[in-house]
Amino acid sequence: FKDKSVVVSTDLLVEGVHFDLSYMPLKHLGYKAVVVNLSDIYAMNAQATQITVSIAVSNRFGLEALEALYDGIRTAASIYGIDVIGGDTTSSQSGLTISITAIGEISSSKITKRSGAKPNDLLVVTGDIGAAYLGLQVLEREKEVFKVNPNNQPDLDAYTYIIERQLKPEARKDIVKLLQDLQVQPTAMIDISDGLSSEIRHICSNSEVGCDIYEEKIPVSEELISSCEEFKLNSITIALSGGEDYELLFTIDQKDYEKVKNSSDFTVIGHITDLKKGMNLITKANQKIPIISQGWKSF
């Protein structure tokens with residue numbers, strides 16, 4: 001095992017801060033709690049192998065509620081091929097808190113940090129982004145409607161995709177294997193949990209570089225665009241500062257462009273520049289706007 005590295009990530013989910021049980025079913029919550037932790041392992045180019053689960057729970061949760069929560073945890077563990085190896089349960093004075101620690105492994109030469117991006121590297125994002133944030137806006141709106149009229153049954157058919165991105169996100173385990181198959185070694189990588197602009201700033205500050213990203217290249221879904229029109233929001237603003245998409249953002253050497261250009265999983269959204277040039281968004285009108293971080297702040 002001498003060339004193997006073990007990687008570890010841990011996350012805390014607190015009721016009222018990270019989730020709202022008025023629209024988040026407990027099974028979905030258990031599933032999502034696992035997925036968000038596995039995403040951090042895949043963001044190091046590693047494969048997740050095990051998790052530990054610790055829960056603090058108040059007496060308003062009965063046995064059935066806990067069984068639903070653990071059902072979601074077991075479902076995620078089964079789908080992602082990981083073992084639940086332990087944890088702890090304790091009582092809480094207020095609500096529900098879940099702490100999951102994920103453990104993964106990778107050969108030491110393949111581990112990817114946030115600090116390896118270099119000028120002229122390409123910035124690549126997986127999937128599409130912004131949908132999870134807008135799914136949350138729909139759920140919050142329906143919650144307010146329900147408060148006023150509990151008999152009102154929401155019709156959410158038009159929002160299926162964006163709501164699923166919020167309630168049942170998936171981590172990109174497939175991307176780690178795909179990069180391996182394509183023989184692409186990312187120079188830096190992070191998962192998009194706090195919004196694209198925030199994650200880009202993490203990579204640039206850790207790597208001591210700047211970047212240019214192009215508004216027209218940022219991948220957003222059709223459903224996000226139509227829902228943004230309804231909410232009178234700008235879809236690119238939502239993609240930049242939304243968060244909770246759990247897609248991967250990574251940088252690659254330009255010579256690897258040919259390997260990734262034909263994959264529908266990847267979109268090249270820009271490139272890394274010299275530190276002095278700063279971090280910029282190039283708009284469709286060809287204006288340069290400094291990227292400011294408006295991502296998730298827990299305090």
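Grid points are joined across faces, edges and corners, and the volume is the space filled by probe spheres set on the points. This is a predicted model, where local features need pLDDT of at least 70 and side-chain atom pairs count only at pLDDT 80 or more, while totals for chains, interfaces and linings use all residues. Residues are numbered from 1 along each chain as its sequence is written, and side-chain values use heavy atoms, with hydrogens and water left out.

I looked up the second largest pocket, and its volume is about 300 Å³. I found 14 lining residues, with Asn 45, Ile 106, Lys 110, Val 176 and Gln 180 nearest the centre. β4 (96–107) and α5 (173–181) are the elements that give two or more residues to this lining. Helices (H or I, at least four residues) and strands (E, at least two) are DSSP runs, numbered from the N terminus.

**Lys 32.** Is Lys 32 buried or exposed? Lys 32 is buried, with a relative accessible area of 4%. Buried means under 20%, exposed over 50%, and partly exposed in between (1.4 Å probe, protein chains only). Lys 32 sits in helix α1 (residues 26–42). Beyond four places in sequence, I see Lys 32 in contact (heavy atoms within 4.5 Å) with Met 24, Gln 166, Leu 167, Pro 169 and Glu 244.

**Cores.** A nonpolar core here is a set of buried Ala, Val, Leu, Ile, Met, Phe, Trp, Tyr and Cys residues joined through side-chain atoms within 4.5 Å. The largest one has 47 residues, and Leu 38, Ile 51, Leu 69, Leu 96 and Ile 98 touch the most other members. Its largest share, 9 residues, comes from α1.

**Helix α6.** I checked the length of α6 (residues 196–207): its 12 residues should span 16 Å, and the end C-alpha atoms are 16 Å apart, which agrees. The expected span is 1.5 Å times one less than the number of residues. Buried residues of α6 include Glu 199, Ile 200, Ile 203 and Cys 204. I noted that the buried residues of α6 pack against elements including β7 (210–214) and α8 (235–241). Just after α6, Glu 208 takes a positive phi of about 55°.

Technical notes:
1 Å grid on protein atoms, 1.4 Å probe; cavity = no way out; pocket = protein on both sides within 12 Å on 5 of 7 lines; lining within 4 Å.
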